[in-house]
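Let's take a walk through this one together. Have the model open beside you and follow along.

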Amino acid sequence: MNKEDIIAIVMGGPSAEAEISRMTGNAVAEALRDKDYNVKEIELDPQNISSQLRETGAKIVFNAVHGMYGEDGRLQGILDSLSIPYTGSKVLGSAVAFDKTATKRFLLAEGIQTPECLMYRQNDKPYVEIIQEIFKKFSLPVVIKAAEQGSSIGVSIIHSEDEIAETLKNTFKYSDHILVEKCIKGQELTVALMEDRGNLITMPIILIKPHSGAYDFTSKYTKGATEYLVPAPLDKKITTEVQELAKKTYKILSLSGVARIDIMLGENGQGYVLEANTIPGMTATSLVPRAAAAMGINFSELCEMILENAK
């Protein structure tokens, strides 16, 4: 790769995760400049992204857009049509992983262990019927998730029957599709994977220990609210099983570049895949950089590796 070529760091946009995306984009831009790359930051304007890229003369795109447009396959489709290489997963992998209901169907079809769930679409049926079905299938607590959000936006753990109706109403504001999942008790893990010159690298597992007991938006983005242990203190057998589960999920969902697979390790020692993140946070203290650091890869080196594997 010619370091004189212009690299566009695309970030922001209309997503609910735009501010987190800008944090990622700015951190990546600084890291690549430290490596002497010619970097231009672009604030995503979905209707004008083609002209934005032409104006910068970009030869390659580092996709730092979390959520809508950046993770759902739309930006990837535009870049494919322009024949501009980009980081991360392609159209299909992005679209499937972004939609938690689609991810769930892929996992179930392939026999990947994942929490039992019910799926609903906006205006499918009255809330009273949904609530009846929930209690017929699950005991509390349950997890209610918007299908098309990241950064734990639109995710709630319900401990009381009184909370369900209002939570359903609020969750449908984020997405037309929602999931209601069995709440798995155990240890929350995440596994980052990265392609490097055709090889799939599995990074050390991270054990996530939120002090509140729930890894929600506040626990993710409040300094000191969560403890991260990397490598996770698991025995060798469990470590291997969890990493293999993450690799299998990565391949089934047709992912590429860097991705992160979130897994709940049940009290029975069974791993349950929760979801996949195709544009993980990329500040120096984000989870993928933490895992890379445990391998001796610093943040600038990690950003360069991701860039070099753009397709």
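Two strands pair if DSSP finds at least two bridges between them, and the elements named here are DSSP runs numbered from the N terminus, with helices (H or I) of at least four residues and strands (E) of at least two. Keep in mind that this is a predicted model, where local features need pLDDT of at least 70, side-chain atom pairs count only at pLDDT 80 or more, and totals for chains, interfaces and linings use all residues. Residues are numbered from 1 along each chain as its sequence is written, and side-chain values use heavy atoms, with hydrogens and water left out.

With that in hand, go to strand S5 (142-146). Valine 142 stands opposite isoleucine 158 in S6, and S6 (residues 155-158) is joined to S5 by 4 bridges, the two running antiparallel. S5 also pairs with S7 in the antiparallel sense, this time over 5 bridges; there, alanine 146 has isoleucine 178 as its bridge partner. How much of S5 is buried? It's mostly covered, with 5 of its 5 residues buried, where buried means under 20% relative accessible area, exposed over 50% and partly exposed in between (1.4 Å probe, protein chains only). Val142, Ile144 and Ala146 point one way from the strand, Val143 and Lys145 point the other way, and all are buried.

Now look at helix H6, residues 127-137. Its buried residues are Ile130, Ile131 and Ile134. They cover an arc of only 95° around the axis, so they sit on the same side of H6; that arc is the one spanned by the directions from the helix axis to the C-beta atoms. The buried residues of H6 pack against S4 (117-121), S5, H7 and S7, with contact meaning heavy atoms within 4.5 Å.

H6 also has a part in the structure's 1 aromatic pair. The rings of tyrosine 127 and phenylalanine 172 have centres 6.3 Å apart and planes at 5°, so they count as stacked. For the record, rings of Phe, Tyr and Trp (its six-membered ring) pair if their centres lie within 6.5 Å; planes under 30 degrees apart are stacked, over 60 edge-to-face and the rest tilted. Because tyrosine 127 is in H6 and phenylalanine 172 is in the loop between H7 (161-171) and S7 (177-182), the pair ties together parts 45 residues apart in sequence. Tyrosine 127 is partly exposed at 28% relative accessibility, while phenylalanine 172 is buried at 5%.

Next stop, glutamate 304 in helix H11 (residues 299-308). At 15% relative accessibility it counts as buried. Which side chain does the glutamate 304 side chain make a polar contact with? That's tyrosine 37, at 2.7 Å; a polar contact is a pair of N or O atoms within 3.5 Å, and within protein one must be able to donate a hydrogen and the other to accept it, while residues adjacent in sequence count only if both atoms are side-chain atoms. Leaving aside neighbours within four places in sequence, glutamate 304 touches Lys3, Leu32, Lys35 and Tyr37. Lysine 3 in turn lies over the face of tyrosine 37, 4.8 Å from the ring centre. A charge sits over a ring if NZ of Lys or CZ of Arg is within 6 Å of the ring centre and within 35 degrees of the ring normal.
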